[in-house]
Amino acid sequence: MSELIQENQEEEFKAVMEQLKDQIDPRKLMTPTQREIAELTKEELESEYLLVQSKISKRSRMQRDFIVIRYEMLKSYEEQVKDKNDTV
């Protein structure tokens with residue numbers, strides 16, 4: 001009986017979390033600059049990343065760090081998708 005109750009509670013928790021995930025837009029929690037960087041196209045992000053790597057970017061240190069992190073996450077995601085497609 002307690003297993004059934006626990007299972008039901010877990011399902012309710014998952015449903016609540018899904019609702020919250022759908023209602024919260026992470027971009028609304030970002031600063032305007034972070035939002036701008038988050039919304040860059042792949043080509044724009046790559047261009048900004050190259051500026052940062054060549055040390056000629058005019059952006060602040062935090063902006064440059066965010067660009068590097070976002071670019072590296074994008075590349076990692078693309079590699080994961082490629083690996084997944086290669087195994088299928």
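**Terms and their grounds**

Guide: The model is predicted. Let us begin with E48, which in contact terms, leaving aside neighbours within four places in sequence, meets L40, R59 and I67.

Visitor: Where does E48 lie, and why is E48 called buried?

Guide: E48 belongs to helix 3, residues 42-53. Its relative accessibility is 17%, and buried means under 20%. E48 therefore counts as buried.

Visitor: What makes K75 partly exposed?

Guide: K75, in helix 4 (residues 61-87), has a relative accessible area of 27%. Buried requires a value under 20% and exposed a value over 50%, with partly exposed in between. The 27% of K75 falls between these limits, so K75 is termed partly exposed.

Visitor: Which residues does K75 touch, not counting those up to four places away in sequence?

Guide: K75 touches K42 and E46 under that condition. Contact here means heavy atoms within 4.5 Å.

Visitor: How many aromatic pairs are there, and why is the pair of Y49 and Y71 called stacked or otherwise?

Guide: The count comes to one aromatic pair. Y49 and Y71 have ring centres 3.8 Å apart, with 15 degrees between the planes. Rings pair if their centres lie within 6.5 Å, and planes under 30 degrees apart count as stacked.

Visitor: Which helices hold Y49 and Y71, and are the two residues buried or exposed?

Guide: Y49 is in helix 3 and Y71 in helix 4, 22 residues apart, so the pair links distant parts of the chain. Both residues are buried.

Terms used: Residues are numbered from 1 along each chain as its sequence is written. This is a predicted model: local features need pLDDT of at least 70, side-chain atom pairs count only at pLDDT 80 or more; totals for chains, interfaces and linings use all residues. Side-chain values use heavy atoms; hydrogens and water are left out. Helices (H or I, at least four residues) and strands (E, at least two) are DSSP runs, numbered from the N terminus. Buried means under 20% relative accessible area, exposed over 50%, partly exposed in between (1.4 Å probe, protein chains only). Rings of Phe, Tyr and Trp (its six-membered ring) pair if their centres lie within 6.5 Å; planes under 30 degrees apart count as stacked, over 60 as edge-to-face and the rest as tilted.
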